Amino acid sequence: MPGKALIIVDMLNDFLDRKGVLFCGEEARAIIPFVQQRLQTFREKHDAVICLRDAHDENDKEFEKFPPHCVAGTWGGDFLPEIKPLPGEWIIPKKRFSGFYGTDLEKILNQARIDQAEVVGVCTSICVMDTVGGLANRDYEIVVPVKGVADFDRKMHDVALQRMARLYGAKVI
């Protein structure tokens, strides 16, 4: 039977801990309790939990645009203690904005027979939006709860929410 997946995007120290290299701010920290609640709900229902994690090489080309962050194997690339995946939950390292680029995300969604994905995490206008675009291109039903996403740029956050709803057909609730 087709199922649901919670896709958690980059809930990592470098973005959400105040000491993180690309700390997204207090508005981003404010989504943590909501993401915890959604995570608990998906776990209780035995729905799929998929955790995307920036895992850059030390000399990643992305560091031409952003300071070095979420380098694989570092504290900055670790999940927040409040959002640690459990055994049996998927952890997908990624080197680019989209959770699909160069990863097994599509294969995992197919194997788990997922037809609906709820997406939470950071940053709304970058990795969240690019991953939602990938889901839309593959015809998934998509839910993006406003209380579960955040960005370091409020204007871009708002534009991304509009784009995901209008262009990608996501249910932005």
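Predicted model: local features only at pLDDT ≥ 70, side-chain atom pairs only at ≥ 80, totals over all residues.
Residues up to four places away in sequence being left out, the contacts of Asp-10 are Phe-15, Leu-16, Leu-52, Arg-53, Asp-54, Lys-94, Val-122 and Cys-127.

Phe-15 is among the residues nearest the centre of the largest cavity. Val-122 takes part in a cis peptide bond, and Cys-127 is one of the buried residues of helix 5.

## The cis peptide bond and backbone exceptions

The peptide bond that runs from Val-122 to Cys-123 is cis, and its omega is near -15 degrees. Cys-123 is placed in the loop between strand 4 (114–122) and helix 5 (124–137).

Positive phi values in residues other than glycine are found at His-46, near 60 degrees, and at Arg-113, near 55 degrees. His-46 is part of the loop between helix 3 (32–44) and strand 2 (48–54). Arg-113 is in the loop that joins helix 4 (105–111) to strand 4. His-46 counts as exposed because its relative accessible area, 73%, is over 50%. Arg-113, at 48% relative accessibility, counts as partly exposed. Asp-139, which follows helix 5, likewise has a positive phi, near 65 degrees.

## Helix 5 and Met-129

How many of the residues of helix 5 are buried? Of its 14 residues, 12 are buried, and the helix is thus mostly covered. The buried set consists of Thr-124, Ser-125, Ile-126, Cys-127, Val-128, Met-129, Thr-131, Val-132, Gly-133, Gly-134, Leu-135 and Ala-136.

Met-129 is a residue of helix 5. At 13% relative accessibility, Met-129 is classed as buried because this value is under 20%. Between Met-129 and Ala-160, which are 31 residues apart along the chain, the C-alpha separation is 6.4 Å. Helix 6 spans 154–166 and supplies at least two residues of the lining of the largest pocket.

Ser-98 is situated in the loop between strand 3 (90–94) and helix 4. With 15% relative accessibility, Ser-98 is counted as buried, because the value is under 20%. Once its neighbours within four places in sequence are set aside, Ser-98 is in contact with Asp-130 and Thr-131. Thr-131 is itself one of the buried residues of helix 5. Ser-98 and Asp-54 are separated by 44 residues in sequence, and their C-alpha atoms are 10.0 Å apart in space. Asp-54 is also a contact of Asp-10.

Arg-138 sits over the face of Phe-100, 3.9 Å from the centre of the ring. The number of aromatic pairs in the structure is zero.

## The enclosed cavity

Rolling a probe the size of a water molecule over the atoms shows where empty space is left. Across the whole structure, one cavity of 30 Å³ or more is found. The largest cavity holds about 100 Å³ of space.

## The largest pocket

The largest pocket has a volume of about 160 Å³. Its lining is made up of 14 residues, and Glu-27, Ala-150, Asp-151, Arg-154 and His-157 are the closest to its centre. At least two lining residues come from each of helix 2 (26–29), strand 6 (149–150) and helix 6 (154–166).

Six nonpolar, two polar and six charged residues form the lining of the largest pocket.

Conventions: Residues numbered from 1 in each chain as written. Heavy atoms only, no water. 1 Å grid on protein atoms, 1.4 Å probe; cavity = no way out; pocket = protein on both sides within 12 Å on 5 of 7 lines; lining within 4 Å. Points joined across faces, edges and corners; volume = space filled by probe spheres on them. Helix = DSSP H or I, 4+ residues; strand = E, 2+ residues; numbered from the N terminus. Nonpolar A, V, L, I, M, F, W, Y, C, P; charged D, E, K, R; others polar. Buried < 20%, exposed > 50% of the residue type's maximum accessible area, 1.4 Å probe, protein only. Contact = heavy atoms within 4.5 Å. Phe/Tyr/Trp six-rings, centres within 6.5 Å; stacked < 30°, edge-to-face > 60°. Lys NZ or Arg CZ within 6 Å of the ring centre and 35° of its normal.
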